[in-house]
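Colleague: Please take a close look at one packing contact in this model. Then carry on from there to whatever else deserves a careful check.

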Amino acid sequence: MSDPILDNLNDTQREAVMHREGPLLVLAGAGSGKTRVLVHRVAHLVRDQGVPPWRILCVTFTNKAAGEMRERLHLLLGPLASDLWVFTFHAFGARFLRIEAGAGLPVAFPIYDADDQLRLAKSVLAEMGLAEDEAITPRAALSRIDRWKNDALLPEEVRVGEHDEEGQVATAAYARYQSALARAGAADFGDLVMYPLRLLEKDERLRDRWSDRFAHILVDEFQDTNPAQYRLVRLLCGPVPNLCVVGDDDQAIYRWRGADVANILGFDRDYRDARIVKLEQNYRSSRPILDAANAVISRAQWRRPKRLWTERDGGVPLALLVAQDEHEEGELIARAAKTARAQGIRWEEIAVLYRTNAQSRPLEAALREQGIPYVVVRGTSFYERAEVKDVAAYLRLALAPRSDLDLLRVVNRPPRGVGEKSVARLKAFALQRELSLFDALAELHRVADLTPKVTRALAQFRELIADLHARVANLEAGIAVQEVLENSQLLERLKLEGTDESVDRIENLMQFLAAAREFDEAQPRSPSRRDPEPPLARFLERIALLGEADAPTPEGRVALMTLHCAKGLEFEMVVISGLEEGILPYSRPWEREWQDETRAQLDEERRLCYVGMTRAKRALTLSLARRRMTYRDSGAGYRPQRPSRFLGDLPPELFGLPGARETRAAPPRLHRHPGAVESDPIIELDELDGWHAGRPPSSSFTVPPRRPPKQDASDLDLDQRPPEEKRLKPGDRVLHASLGEGTVTSCDSAGPDTKVSVAFHDWGEKRVLARFLRKA
DNA sequence: TATTGATTGTTTTTT
DNA sequence: ACAATCAATA
């Protein structure tokens with residue numbers, strides 16, 4: 001009899017799944033069955049160890065991951081799975097605060113997203129009336145505030161350096177920012193973790209209640225937790241830490257967002273008796289791909305040593321595309337994609353990854369030109385659309401009319417003749433009387449200098465909100481949305497416009513309405529015990545916390561996305577573009593030197609590269625451009641680019657090249673952490689010549705690029721070159737290892753770096769080094 | 001109050 | 001190069 005929960009696991013996986021009590025750290029390499037372990041462990045706890053499902057908490061980072069986990073648990077456990085607590089950190093925090101009515105927040109508090117946060121920071125800074133020389137950008141202030149929240153520091157606990165003037169302003173801004181949130185009865189993302197944590201820390205009885213409640217806590221993507229999240233988890237565990245954390249320090253790519261790899265690196269310091277299980281067997285990628293990924297990551301300075309391996313033999317070698325510029329890069333990638341398709345890989349099984357969004361343009365252009373269908377996958381989009389956010393703001397006002405931010409957003413949307421000036425007067429009045437804007441609207445006659453027209457418009461607006469508040473707040477989401485659409489006249493105005501764009505927006509609003517109705521459908525008839533808040537509030541919470549995580553990945557299209565976006569996904573073929581110094585190890589022009597602290601940053605770039613590579617199942621293609629349009633210091637212009645040092649970390653055999661490269665076999669270079677020798681940032685372009693993946697033979701879908709016997713630049717000697725390379729003249733038919741056949745059109749005088757122009761049959765005219773040509 | 005030209009700042013962005 | 005945001009106009 002087969003057992004769906006314990007069979008089909010390898011030994012280490014089973015060890016993790018069956019671990020009984022106490023802290024457990026699962027170091028799960030890319031593609032090693034991490035989710036599988038998590039899901040099967042939960043199922044095992046419930047079925048075989050008699051843990052009640054409602055006493056298990058699983059925490060993930062994305063809604064997508066949470067959804068996936070729930071789904072898979074349902075398959076293993078059936079209806080029992082509905083009682084499990086499977087949440088993102090933020091959804092859990094929101095639920096916690098609603099249940100406990102914590103931190104003085106109303107039950108149906110709105111959640112401010114990144115956009116709201118920025119607007120709030122802006123208004124707070126404006127309110128502070130800073131002098132020119134002490135002004136800081138809202139971005140800078142917000143980034144500080146976020147960092148403090150990641151460390152669960154309240155405004156009064158913040159300490160900044162004496163000479164850190166920006167920090168001092170930011171501290172003051174933080175205090176005002178928090179009071180503004182409190183006044184509005186709202187919470188931002190950071191609060192959703194910080195407040196539960198602070199409440200638990202402060203209140204022992206509350207802490208006991210919650211830690212008793214959970215018999216087991218499991219955390220996914222543990223490497224991405226920030227200090228506040230980790231502390232929250234530790235508190236929730238209580239004295240008996242049945243805590244299982246799963247993660248991969250090599251895939252920690254959100255340091256800049258407050259994630260702290262120290263959490264995973266130091267887990268066994270925090271829990272001395274922690275059991276550590278390493279999952280290193282990879283079930284996703286072919287061996288050459290894993291070898292490449294290992295080669296890149298093994299040079300990271302701080303990591304827990306591990307090495308992915310696979311039982312699978314064979315696999316196609318890596319391919320490298322060397323382009324003249326970003327346009328040609330796109331062209332080469334497009335061709336490579338077509339080639340792959342000709343070998344049976346579907347469009348949707350191909351992904352083109354890049355470091356920066358700016359790189360997508362030329363890639364898109366090339367794909368379009370060659371008629372390849374594609375999508376650019378971004379983190380979010382639908383719920384970030386202005387019109388959607390407008391409706392959401394109305395809905396939030398219906399629940400919480402005192403949310404000034406939301407009121408400001410829609411007070412003149414659709415335009416009702418209330419301009420900046422009038423709003424400023426209203427704000428001044430409210431500020432002076434310490435009223436919310438909504439309350440200020442009730443005393444319009446006292447507000448100075450309003451024209452009768454504006455007064456009437458504002459009175460009507462107040463009616464609208466008050467009416468929605470009274471009627472809509474407890475209704476189902478779908479009806480609420482419909483009411484807003486009808487009463488706000490948003491739709492009507494858009495219909496009047498009649499432009500292409502407005503049609504698009506109407507479309508989005510209808511989609512939003514549909515989403516709300518769908519949400520209602522999905523709700524249980526009787527409200528469940530742990531959902532104290534009205535359905536509309538839950539709907540808003542959901543869209544606030546939901547990016548577009550479960551965005552439909554369209555069929556039949558090549559996916560274009562940043563390396564960050566690619567985390568957690570997999571594709572048959574992956575192209576990583578822009579393997580150039582400054583782009584893939586990304587560096588800002590003024591921080592070109594990788595020193596000390598930036599060394600940690602470089603580690604992160606390395607991990608990013610590693611994450612990208614390990615997305616590939618069968619084929620991995622790397623590309624770079626020799627020069628690229630950049631907009632550095634003195635405006636835009638083409639700049640020569642150097643190949644990424646990460647390329648230099650890859651053994652040439654992986655590209656199907658014969659023999660190791662003698663010149664770079666032994667790494668000289670920087671000394672730091674033993675075993676973590678940073679690679680040489682300088683690779684000569686010529687070393688890459690002839691590495692091109694070219695026209696595939698019919699047998700495999702990517703040609704192993706061939707590399708001519710390597711010669712060190714220093715001992716390069718004319719006489720060492722094969723005789724047939726010496727005398728090329730226009731009209732000669734030649735063969736290039738990867739570009740295939742062509743005809744010479746012109747050539748320079750002979751010399752070690754002689755270049756000739758060749759019209760290739762499949763690639764058009766190119767200039768190549770003569771020594772990589774053979775007479776056909 | 002909406003519309004234009006100047007100005008600015010350009011990594012990544014799970015929630 | 002380019003978009004998004006901002007200050008000055010119609």
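Modeller: Helix H16 and helix H24 cross in the left-handed sense. Left-handed means that the near helix is turned anticlockwise from the far one by less than a right angle; clockwise would be right-handed. This is a predicted model: local features need pLDDT of at least 70, side-chain atom pairs count only at pLDDT 80 or more, and totals for chains, interfaces and linings use all residues. Residues are numbered from 1 along each chain as its sequence is written, while chains are lettered from A and ligands numbered from 1 in the order in which they are written.

H16 covers residues 386–399 and H24 covers residues 535–545. Both names follow DSSP runs, numbered from the N terminus: helices are H or I with at least four residues, strands are E with at least two. The two helices pack at about 140 degrees, with axes 10 Å apart. That makes H16 oblique to H24. The angle classes are under 35 degrees for roughly parallel, over 145 for roughly antiparallel, 65 to 115 for roughly perpendicular, and oblique for the rest. Axes are lines fitted to C-alpha atoms, for helices over the stretch in contact, and angles run from 0 to 180 degrees between N-to-C directions. On the H16 side, the contact uses Ala392, Leu395, Arg396 and Leu399. They meet Leu536, Ala537, Leu540 and Ile543 of H24. Contact here requires C-beta atoms, placed from the backbone, to lie within 7 Å.

H4 brings Phe89, His90, Gly93, Ala94, Phe96, Leu97 and Glu100 to the contact. H8 answers with Phe189, Leu192, Val193, Tyr195, Pro196 and Leu199.

Now H4 itself. It runs over residues 89–100, has 12 residues and reaches 16 Å from its first C-alpha to its last. That is close to the 16 Å expected at 1.5 Å a residue, where the expected span is 1.5 Å times one less than the number of residues. Of the 12 residues, 10 are buried, so H4 is largely enclosed by the rest of the structure. Buried means 20 or more other C-beta atoms within 10 Å of the residue's own, exposed means 12 or fewer, and partly exposed is in between; C-beta atoms are placed from the backbone. Among the buried residues are Phe89, Phe92, Arg95 and Arg98. Alanine 101 follows H4 and has a positive phi, near 45 degrees.

Other backbone points deserve a check. Most residues other than glycine have a negative phi, and most peptide bonds are trans. Asparagine 8 is not a glycine, yet its phi is positive, about 55 degrees. It sits in the segment before H1 and counts as partly exposed because it has 13 C-beta neighbours inside 10 Å. Glutamate 221 also has a positive phi, about 50 degrees. It lies in the loop between S6 and H10. Glutamate 221 is buried, with 25 other C-beta atoms within 10 Å. A cis peptide bond joins arginine 413 and proline 414, with omega about 0 degrees. Proline 414 is in the loop between H17 (404–410) and H18 (420–433).

The sheet comes next. It is open, has 6 strands in the order S3-S2-S6-S7-S1-S8, and pairs in the parallel sense. Strands count as paired if DSSP finds at least two bridges between them. S3 (85–88) and S8 (275–279) are the edge strands, each pairing on one side only. The twist averages 15 degrees from one strand to the next. S1 (residues 24–28) pairs with S8 over 5 bridges, and leucine 27 stands opposite lysine 278 in S8. Helix H1 (residues 11–18) packs on the sheet and touches S1 and S8, its direction making about 145 degrees with that of S8. Helix H10 (residues 227–237) also packs on the sheet, touching S2 (56–60), S6 (216–219) and S7 (243–247). Its direction makes about 160 degrees with that of S6.

Last, methionine 510. It lies in helix H23 (residues 500–522). Methionine 510 is exposed, with 12 other C-beta atoms within 10 Å.

How values were computed: Two residues are in contact if their C-beta atoms, placed from the backbone, lie within 7 Å.
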